[in-house]
Amino acid sequence: MDCWCWGSNQQPSGHRARSLTSSPQLPLLKALRGLDHKSALIARQGLLSLPQHTNCLTPLSPTEAVDLSDSYQFGDEENGLGGNIDDKINGNWISAPAGTVHEARLKAKAKRRLRKNSSRDSGRGDSLSDNGDAVRSAAPPTSPKGRVLDRRSRLGKGRGLPKKGGAGGKGVWGTPGEVYDEEEVDVRDPNYDEDQESCVYETVVLPLDEEAFTKTVTPIVQEYFEHGDANEVAELLGELNLSSMRSDVPLLAVSLALESKASHRELTSRLLSWLCGRVLTRSDIENAFHKLLRELPDLVLDTPTAPQLVGQFIARAVTDQILTKNYIEGYKGRVDCEHARAALDRAAVLLKMSREAGLRIDNLWGSGGGQRPVNQLIKEVNLLLQEYVLSGDTVEAERCLRELEVPHFHHEFVYEAIVMVLESKGDKTLQMILKLLKSLFDSSVITVDQMRRGYERVYMDIVDINIDVPCAYSILEHFVDKSFSTGVIDAKLRDLCPCRWAFGRKRLRPQL
């Protein structure tokens with residue numbers, strides 16, 4: 001079936017068409033252009049059923065015929081048509097007022113514009129106003145990714161608001177700001193159980209076996225040696241189900257401390273005192289030392305001084321009142337192991353000295369390097385240097401310096417050593433101090449930075465030292481030259497040595 005368009009300039013072959021301008025149906029056709037799709041289709045069927053003797057039809061493609069209902073107005077369509085317009089519905093011609101047709105045309109135009117805008121960008125909040133015009137919100141266009149995640153309707157319907165008030169879609173638990181209350185149990189629920197209301201849920205921690213205990217507690221104790229926070233250790237142990245292995249905590253801590261430094265042993269004694277009454281009981285501490293005395297033969301293989309050290313731990317525990325005073329007396333005549341007997345004898349002697357001679361057992365191990373006062377460290381450094389000058393044993397001096405555990409304070413050792421050289425008489429002290437500094441520098445006990453800082457401190461205080469030692473400048477210059485020749489300092493540090501009559505030193509370098 002051929003389709004025809006009114007007013008086309010093309011003519012079908014074998015037919016002759018007259019101009020549409022002379023057709024009497026022109027006003028009716030122009031009015032029908034503003035109708036919706038259904039009305040235009042009905043009108044088109046009625047018009048196409050006219051007799052062909054009018055000879056005012058031209059062929060039209062099917063696509064153009066379908067788009068006829070969505071075409072825009074021309075000419076006087078925008079101004080509206082006066083009077084009534086006849087339309088044919090179901091074979092009956094009816095008359096419709098021009099105002100009704102004009103309103104239908106405006107609404108159809110607004111709907112077409114809204115559908116095009118909604119399909120182009122669903123993120124724009126387009127909606128219809130009360131008078132039928134399209135209203136666009138101020139929201140900026142969203143990105144392609146934002147359009148994918150947009151929850152607003154893409155069908156061009158509604159006001160452009162999110163679906164279900166923003167509470168719809170996958171992974172959404174209600175509207176923003178909604179607070180969920182505790183769900184009450186419904187008695188009429190088929191799955192309702194009376195015992196469900198009185199049920200109490202608790203976290204069950206399985207007890208540790210021997211292997212798991214060692215892997216779990218050993219890192220805790222080793223980390224404690226670094227930070228020294230006993231409260232953190234107590235919290236970590238409280239989270240574990242130690243059950244019958246509580247007495248193994250002091251045993252493991254003391255065993256690790258025997259192979260560590262004196263400062264770690266002091267920390268271990270403080271840890272046992274802190275844990276007693278919080279995580280451990282007195283009976284746990286007594287059982288731990290009882291196991292420790294029985295394992296002394298094996299501990300001696302790794303730590304030859306284990307009996308003396310265990311005896312000091314026992315004496316410190318009695319002083320801290322985590323062991324009873326009758327603990328040592330309970331082993332009299334019941335110990336066959338010589339190592340255990342030596343440990344108990346050491347503890348008894350220390351306790352007797354504390355009662356009669358006023359020995360402070362609480363400071364038995366001494367305090368850690370950084371925890372001691374500066375004045376106390378300076379006194380220990382001076383005692384170390386004086387003992388070395390008397391004995392001349394560089395190995396013992398190095399061991400004592402390491403036991404101080406103050407590598408950040410070695411510049412004080414270098415400073416006190418040079419001041420001792422400046423205040424001494426004769427060349428013997430100079431040679432011995434130079435030998436000691438050379439040995440400590442070669443063994444990396446004293447670093448380059450600490451050595452440089454010690455020499456620079458002497459350079460800064462040489463004016464005050466010269467008041468007490470008149471020849472301090474000449475002795476210092478001689479000592480600095482010797483230090484450079486032995487490789488203790490470099491040329492740059494040697495050139496910084498102050499001179500008595502000038503602010504700097506001028507050295508003649510050989511010309512190459």
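1. The side chains of E398 and R402 form a salt bridge, with an N to O distance of 3.2 Å; the term stands for a side-chain nitrogen of Lys or Arg within 4 Å of a carboxyl oxygen of Asp or Glu. Both residues sit in helix α15, four residues apart, so about one helical turn separates them. Helices here are DSSP runs of H or I with at least four residues, strands are runs of E with at least two, and both are numbered from the N terminus. E398 is buried at 16% relative accessibility, whereas R402 is partly exposed at 49%. Buried means under 20% relative accessible area, exposed means over 50%, and partly exposed is in between (1.4 Å probe, protein chains only).

2. On provenance: this is a predicted model, in which local features need pLDDT of at least 70 and side-chain atom pairs count only at pLDDT 80 or more, while totals for chains, interfaces and linings use all residues. Residues are numbered from 1 along each chain as its sequence is written, and side-chain values use heavy atoms, with hydrogens and water left out.

3. R399 is partly exposed at 38% relative accessibility, and E403 is partly exposed at 49%. Elsewhere, salt bridges with shared partners link E266, R270, R316 and D320 into one network.

4. Which parts of the chain does the salt bridge between K261 and E405 tie together? The N to O distance of this pair is 4.0 Å. K261 lies in the loop between α8 (248-258) and α9, and E405 lies in the loop between α15 (394-403) and α16 (410-423), so the pair connects parts that are 144 residues apart in sequence. K261 is partly exposed, with 43% relative accessibility, while E405 is buried at 17%. A search of the whole structure gives 15 salt bridges.

5. Next, helix packing. Two packed helices are described by the angle between their axes and the distance between the axes. Axes are lines fitted to C-alpha atoms, for helices over the stretch in contact, and angles run from 0 to 180 degrees between N-to-C directions. For α8 and α9 the angle is about 170 degrees and the axes are 9 Å apart. That makes the two helices, α8 and α9, roughly antiparallel. Angles under 35 degrees count as roughly parallel, over 145 as roughly antiparallel, 65 to 115 as roughly perpendicular and the rest as oblique.

6. In that packing, V249, P250, A253, V254, A257 and L258 of α8 meet H264, R265, T268, L272 and L275 of α9. Contact means heavy atoms within 4.5 Å. By class, the residues of the α8 and α9 contact are eight nonpolar, two polar and one charged. Ala, Val, Leu, Ile, Met, Phe, Trp, Tyr, Cys and Pro count as nonpolar, Asp, Glu, Lys and Arg as charged, and the others, Gly among them, as polar.

7. Helix α9 (residues 262-275) also packs with helix α7 (residues 230-238), at about 55 degrees and with the axes 10 Å apart. The two helices, α7 and α9, are therefore oblique to each other. A230, N231, V233, A234 and L237 in α7 meet L271, W274 and L275 in α9. This contact of α7 with α9 has seven nonpolar residues, one polar and no charged.

8. S255 lies in helix α8 and is buried, at 19% relative accessibility. Leaving out residues up to four places away in sequence, S255 touches L292 and L299.

9. Q431, in helix α17 (residues 428-442), is partly exposed at 36%. From Q431 to K482 the C-alpha distance is 9.2 Å, and the two are 51 residues apart in sequence.

10. For the overall picture, the protein has 20 helices and six strands. Of its 512 residues, 37% are buried. Among contacts between residues at least 6 apart in sequence, 67% join residues at least 24 apart.
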